[in-house]
Amino acid sequence: MSQIDLHRDRRAFIKSVSAMASLPLIGNVMQAANAAGPFDDYRALVVLFLYGGTDNNNMVIPLGSEYAAYATPRGNLAIPQANVIPISAGVSGRSFGMHPNLKSLAAIFNNERKLAVASNVGVLVEPTTLAAFQQKSKLPPQLFSHSDMVGHTHTGRPDWPAETGWGGRLADLIESANGNSQVSTSISVSGQTVFQKGSKVTSYTLNEWRGADSVIVSRPRAYRDWDSWSVARANPQIAYEAQLASAGSNLLELQYKSMALQAVNTGDYLTSVLYNVDANGNPVRGANNSVTEKFPVGTAPPLNFVDSRGRTITNKLASQLKSVASLISARNVLGVKRQIFFVSLNGFDTHGDQFKDSNNEATPILSGRHADLLQQMDEAVSWFYNWTKTTGVANSVTTATLSDFGRTLISNGAGSDHGWGGHNFVLGGAVNGGRLYGGPSAGQEFPIVALGTTLDVGQGRLLPTTSIDEYGATLAKWMGASNSELTTVFPNLSRFPRQTGMGFV
């Protein structure tokens, strides 16, 4: 490795080191021993991030006497009441429904009672009021900004520099459950995120399942996979690994080499665990170029999606969840008891194209961009949940959604603008579902969706009644954190009323 000009190449170097920093160190170097335990079962938390700020107003919809207050300011964004799928939420005197493209998730909510809605969740520094908002008192920095609110949601500490994420801090706490496993407790199938960055644990990033390629493992500089490599020449992968193993000239180079080599080894290890491999360590491929899996997941996930215009596109969320399913299937061989997965679906920033590509001239909002995204989520997440049932791990796997923020109730004509509080889905065999969670008292489990309420901070943006801290702490507790340890994961949790969780799992 050549010397680096830290002034000229600082950004490139930081980018490369940051990518490597997400990969796991082998063995027990980074084991945490803080959590109460004992971890005598297997549990996985799958966090699904909906990037762009999904329009939660059209995911869970008030019906009955409350529908008009929702529909009037929504205008052309309102889902007609006749198209809403009613849900049995059990809130006295109130009724609700879900978007018509969430039919599978609505059925799980209604029939199996294994999907819960955590309503009006958002980034907060402390509990606040409309008056405090108007006075700009103790608000999250850069409220309504995409990048900032994503960061705050990932860190769970809006009043603190983005050093670690709450997923990473939880991984630090429970890492001891996995003993000397070569695979990190924290795994992303959607690139690098601060959400999974811990103080002790480094996350591992892998690929989503990719159709004809059909390999989910990632490893840096996998030269042996290059089509241009000729067997008549020296194996460039061996040369690369030899370079990584050679003595370095400075601490930065040594750190890079150490983490890169560990990442290569982890990638090779996962390849050998998940696939039948040839003499060179590559997955064995059949006539159709697909690989032979040691842990096939059974029913094929919906990797392709037909959108509103009849176009077949890749359902990247389903591809990511296929990768998660493969890792969960291999849990015993990998020697893991706790895993935190991060997956995502992009495209929810629907300012001016909420019903773009709609094929419904009479009611455009019933199809188009946002409806397509919800259908992709519905197909992918319901497949994944059904897969956990088929394989007997439903009680051990919980999927929870997050997003930048909710959106405005008011239509801007072609979409909706940045909001604040939003609604999250929690799904799994251990979930106390078929219910809405998050309001201050019985009957208020879901906010009044209307203009001019005490929760309307402008244009129907909801002032959150539940903090990310309370929502995430509920999930952290299910993963094994004790009540006293929850403030390790969420340092601001003591400022909020539900310090031991919300009870949905």
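**Strands, helices and their neighbours**

User: How many bridges join E5 to strand E13 (residues 436-437)?
Analyst: Strands (E, at least two residues) and helices (H or I, at least four) are DSSP runs numbered from the N terminus, and two strands pair if DSSP finds at least two bridges between them. Within E13, leucine 436 is the bridge partner of valine 117. E5 and E13 run parallel, and the number of bridges joining them is two.

User: Before we go on, what kind of model is this?
Analyst: Residues are numbered from 1 along each chain as its sequence is written, and side-chain values use heavy atoms, leaving out hydrogens and water. Local features need pLDDT of at least 70 and side-chain atom pairs count only at pLDDT 80 or more, while totals for chains, interfaces and linings use all residues, since this is a predicted model.

User: Which residue in E14 is the bridge partner of valine 121?
Analyst: E5 is also joined to strand E14 (residues 466-467), by two bridges, and these strands run parallel. Valine 121 has as its bridge partner in E14 threonine 466.

User: Over how many bridges do strand E5 (residues 115-122) and E12 pair?
Analyst: Here the sense is antiparallel. Two of the facing positions can be named: alanine 118 stands opposite asparagine 424 in E12, and valine 117 has phenylalanine 425 as its bridge partner there. The number of bridges over which E5 and E12 pair is five.

User: What is the bridge partner of alanine 400 in E12?
Analyst: Strand E11 (residues 397-403) pairs with E12 too, in the antiparallel sense over three bridges. For alanine 400, the partner in E12 is valine 426.

User: Is leucine 102 buried or exposed?
Analyst: Leucine 102 sits in the loop between strand E4 (96-98) and helix H3 (103-112). Leaving aside neighbours within four places in sequence, it is in contact (heavy atoms within 4.5 Å) with Met59, Ile85, Leu374, Met377, Asp378 and Phe425. Its C-alpha atom is separated by 9.6 Å from that of serine 382, 280 residues apart along the chain. With a relative accessible area of 0%, leucine 102 is buried.

User: Is the crossing of H7 and H8 left-handed or right-handed?
Analyst: Helix H7 (residues 236-245) and helix H8 (residues 251-274) have axes 8 Å apart and pack at an angle of about 140°, which makes H7 oblique to H8. Axes are lines fitted to C-alpha atoms, for helices over the stretch in contact, with angles from 0 to 180 degrees between N-to-C directions; under 35 degrees counts as roughly parallel, over 145 as roughly antiparallel, 65 to 115 as roughly perpendicular and the rest as oblique. A crossing is left-handed if the near helix is turned anticlockwise from the far one by less than a right angle, and right-handed if clockwise. For H7 and H8, the crossing is left-handed.

User: Which residues in H8 meet Gln237, Tyr240, Glu241, Gln243, Leu244 and Ala245 in H7?
Analyst: This is a helix-to-helix contact, and both sides are listed by residue. Those six in H7 meet, in H8, Lys257, Ala260, Leu261, Val264 and Asp268.

User: What angle do helix H6 (residues 166-174) and helix H12 (residues 468-479) pack at?
Analyst: Two packed helices are described by the angle between their axes and the distance between the axes. For H6 and H12, the axes are 11 Å apart and the angle is about 25°.

User: Which residues of H6 and H12 make the contact?
Analyst: H6 passes H12 in a right-handed crossing. The contact is made by Trp166, Leu170 and Ile174 of H6 together with, from H12, Ile468, Gly472, Leu475, Ala476 and Met479.

Notes
Buried < 20%, exposed > 50% of the residue type's maximum accessible area, 1.4 Å probe, protein only.
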